[in-house]
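Please look over the sequence and the structure shown here before reading on. The notes that follow are grouped by topic.

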Amino acid sequence: MSAAAIPDKPATSGLGGQTGLALLLPIVLVNVIGFIIPMLNLARMSFNEYVPGGGIREAFILGNWIKAIADPFNLQLIANSITLSLGVTLATLIVSYPIALYIHWSSGRWRSLLIFLVIAPLLTSAVVRTYGWIALLSNDGPIIRSIKALGVENPPRLLFNTTGVMIGLTEILMPYMILALLAGFGRLDPRFEEAARSLGATPAQTFRRIILPLTLPGIALGWLLCFVLAISSFVTPKLMGGGRVFLLATEIYDQAIVTLNWPVAATLSILVLILFGISLAVYTRLLKRLD
Amino acid sequence: MEGHQLSWPLRALVFVLMLFLLAPALLVFPISFSGDRLLSFPPSSWSFRWYQSLWQNELIISSFLTSLSLALVVTLLSLAIAIPAVYAIIRLKTPGSEFLYNLFTAPLLLPTIVLGLAILIIFATIGLLGTFHGIVLAHLVVTLPYALRVLAVALGNVNLACEEAAASLGAGPLTVVRRVTLPMMMPGIIAATALCFLVSFDELVITLFLTGPKLTTLPVELFRYVETSADPMVACVSVLLFFFTLAIIMIIDRAMGLTQTFVR
């Protein structure tokens, strides 16, 4: 997306403008059939009418939209998705921040190793990591057993409920948060901290007055990225929710595949995109205020 | 920078948090050697029985082969489509190409659950559902943004002077591209190859919408398996996939440097 990668030099090749269009034709075709038409059609689909048992009738009704934002079940769905995503994003920030700070302060091979370890989980699929969590959090798993060994009679369930989904999602999103934080830590110069400390600031003061303000852009970026990823996440809620956690993404899938109510699924999808847009707008305003 | 005051409480905290991050991925290694009938950790006995049962699971083997051929076809097509496109955008500066570049990298920003549904609805009407070429097309939509970005950087790094020198020595445009530009883009092409392969091979959510009864991919099969049963077999698949992925990552790392691909 960054136009900066494109050098601003004149074309020297002897190939003309028509050649350029010919070279672009395949990618245009793929995206028209696989991306642009489907997305436009999705928006159109949200105004069609679902006939139970009879499929979909071409129409132009607002019924799906009214249902999406007025039906108590759907309202609950939206509220669940937003609160869960906010909670997960906050938890992810808290557990990622120390790691990002530590990586920012380290250097050389050690830094490369740490960055590799942070990226490594991104390269194993979300299904596998979710599976690992299922083993860890199940009722006869090591965590519940340790809690029981400490003498707690009825330990809380950690799997197939909202708690499980939150734990799993937090871990799944950590690499993204750490990378976003690191990208935003550019302004944090160790000399500022040294200066603060040599002027007599305690570590807590240094953190609150120097480190935290200077890392706010990174926090904002990580917050945006993880919130957006959390609200559209599907695999972890589906596998760790055990059919008891109802979120926008899981409902889109169920409506599309199980109920075959595509108009409602399309409406909820567009709703997710609207939430994306709102998050982006909030982020942009926040960033302006930070500058 | 060891001189920086990294107090030991911070180090201990970071260690615990890293453990939290890596635990679920590391856990599959011991679990894969479990001798138990059901998923549990730590296993009460050890064996290779789940690796053996994996070899007899025809669905897993055939979905692996589907995923492999899918990823190979998608990767080759991604390169064949993205290299000319990048050339048109960066070298020829075809009018409107910067807009197209932004448009075609946009699918990366879309949630896959939305894109998957959108493609499902269109494919259902044109009869591409559950077909190999349909899934290839859908995967291309998500691999092309990666290919475009990596290849745009690679082509941007190719020194124009080399191309000009070749042209002034009498090489035609096609010869310049074939003998100078493409060889100089090689690290980027290798990285794009590996990246497209991994993205296609791992793609789950979009594919979940498009698979049919006769055609499933490995990620889809693993997802359905974890959804319905809890036994150690998925751990065995994960371990084998880990080494498979590692080999591909080492290729990216050799060609470009992992940190460059992810953290600019």
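In which helix of chain B does Thr143(B) lie? Thr143(B) lies in helix H6 of chain B, where helices (H or I, at least four residues) and strands (E, at least two) are DSSP runs numbered from the N terminus.

This is a predicted model, in which local features need pLDDT of at least 70 and side-chain atom pairs count only at pLDDT 80 or more, while totals for chains, interfaces and linings use all residues. Residues are numbered from 1 along each chain as its sequence is written, chains are lettered from A in the order in which they are written, and side-chain values use heavy atoms, with hydrogens and water left out.

**Around Thr143(B)**

- Thr143(B) counts as buried at 0% relative accessibility, given that buried means under 20% relative accessible area, exposed over 50%, and partly exposed in between (1.4 Å probe, protein chains only).
- The side chains of Thr143(B) and Ser78(B) are joined by a polar contact of 2.9 Å, a term for a pair of N or O atoms within 3.5 Å; within protein, one must be able to donate a hydrogen and the other to accept it, and residues adjacent in sequence count only if both atoms are side-chain atoms.
- Leaving aside residues up to four places away in sequence, Thr143(B) touches Val74(B), Ser78(B), Cys196(B), Val199(B) and Ser200(B), where contact means heavy atoms within 4.5 Å.

**Between the chains**

- The contact takes 93 residues from chain A and 92 residues from chain B.
- Chain A and chain B bury about 8300 Å² between them, with 81% of it on carbon and sulfur atoms; buried area is the accessible area (1.4 Å probe) that two parts lose on being put together, summed over both.
- Helix H1 (residues 17-45) of chain A gives the most to the side of chain A that touches chain B, with 21 residues.
- Between chain A and chain B there are 0 salt bridges, a salt bridge being a side-chain nitrogen of Lys or Arg within 4 Å of a carboxyl oxygen of Asp or Glu.

**The nonpolar core**

- The largest nonpolar core has 171 residues, and Leu42(A), Ile99(A) and Phe209(B) are among those with the most contacts inside it; such a core is a set of buried Ala, Val, Leu, Ile, Met, Phe, Trp, Tyr and Cys residues joined through side-chain atoms within 4.5 Å.
- Helix H6 (residues 132-157) of chain B gives the most to this core, with 14 residues.
- Not counting residues up to four places away in sequence, Ile99(A) touches residues of both chains, including Val118(A), Met174(A), Val14(B) and Leu17(B).

**Salt bridges**

- Over all chains, the structure holds 5 salt bridges.
- One salt bridge joins the side chains of Arg44(A) and Glu58(A) (3.5 Å, N to O). Arg44(A) lies in helix H1 of chain A and Glu58(A) in the loop between strand E2 (55-57) and helix H2 (63-70), so the pair ties together parts that are 14 residues apart in sequence.
- Another salt bridge joins the side chains of Glu163(B) and Arg91(B) (2.9 Å, N to O). This pair links helix H7 (residues 160-168) of chain B with helix H3 of chain B, at residues 72 apart, and both Glu163(B) and Arg91(B) are buried.

- Most residues other than glycine have a negative phi.
- Phe160(A), although not a glycine, has a positive phi of about 60°, and Phe160(A) is partly exposed, with a relative accessible area of 27%.
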